[in-house]
Amino acid sequence: MTAPPEPAVEPPDNLTDPRELVLAYLDYYRAALLRKLDGMSEEDLRSSRLPSGWAPLALLKHLAFVERRWFRWGFAAEQVDPIWGDEDPDTRKWQVGAEESTEEIRALFLDECARSRKIVAGAELQQPARSGGGFNPPDHHPALIWILFHMLQEYTRHVGQLDVARELADGVTGE
């Protein structure tokens, strides 16, 4: 068994500004995801112990593309490389190719998170998504605050799934 990851410090319970609170929790869960992956062997990062077949490193890659999809393509309406899985649901890439290194996937995730933070820093919580992005129908423009809360639930769900995968892989529990 490997040592448990360092526990994170949750945002303070006296934080009352909605913007600061939601952004602090989003970063808290982004960091929790990385902490849960830290210390896993390369084999465990790339192997699945679950019937669905996803591996922990593939989850990190998935969440990098979730960041891209919701903030860059969806909210900011950037024209980005295809958001995998959206064109053909049968080809969702919950996989990492043998040629993709753990460091590359981690860098992709960190880069997408940094881009998301920059987009969010330049917008108001009530601001709707720009036209020309990834929302369908095209006249549907959710507000940034809705997208942020959606991302929080996405991260909390996936970090919980990773709890199970990590415990099955090497017995590490916590957080």
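**Exercise 1. At what angle do H1 and H5 pack, and how far apart are their axes?**

Let's start with the numbers: the angle is about 25°, and the axes lie 9 Å apart. Axes here are lines fitted to C-alpha atoms, for helices over the stretch in contact, and angles run from 0 to 180 degrees between N-to-C directions. The helices themselves (H or I, at least four residues) are DSSP runs, numbered from the N terminus.

Angles under 35 degrees count as roughly parallel, so H1 and H5 are roughly parallel to each other.

Now for the residues that touch, where contact means heavy atoms within 4.5 Å. Among them are Val22, Leu26 and Leu33 of H1, and Leu148, Tyr155 and Val159 of H5. The residues of this contact of H1 with H5 split into 16 nonpolar, one polar and five charged.

A word on the model before you go on: it is predicted, so local features need pLDDT of at least 70 and side-chain atom pairs pLDDT 80 or more, while totals for chains, interfaces and linings use all residues. Residues are numbered from 1 along each chain as its sequence is written, and side-chain values use heavy atoms, leaving out hydrogens and water.

**Exercise 2. Is serine 116 buried or exposed?**

First, find serine 116: look in helix H4. Then check the cut-offs: buried means under 20% relative accessible area, exposed over 50%, partly exposed in between (1.4 Å probe, protein chains only). Serine 116 has 1% relative accessibility, so it counts as buried. Finally, leaving aside neighbours within four places in sequence, serine 116 is in contact with Arg30, Glu67 and Phe71.

**Exercise 3. Where is glycine 134, and which residues does it touch?**

Glycine 134 sits in the loop between helix H4 (102–121) and helix H5 (144–170). With a relative accessible area of 12%, glycine 134 is buried. Not counting residues up to four places away in sequence, glycine 134 touches Arg69, Trp73 and Gly74. Now try a distance: the C-alpha atoms of glycine 134 and phenylalanine 71 are 9.7 Å apart, though 63 residues separate the two along the chain.

**Exercise 4. What is the phi of alanine 77?**

Go to the loop between helix H3 (56–75) and H4, where alanine 77 is placed. Its phi is near 60°, a positive value in a residue other than glycine. Alanine 77 counts as buried, at 15% relative accessibility.

Conventions:
Helix = DSSP H or I, 4+ residues; strand = E, 2+ residues; numbered from the N terminus. Parallel < 35°, antiparallel > 145°, perpendicular 65-115°, else oblique. Nonpolar A, V, L, I, M, F, W, Y, C, P; charged D, E, K, R; others polar.
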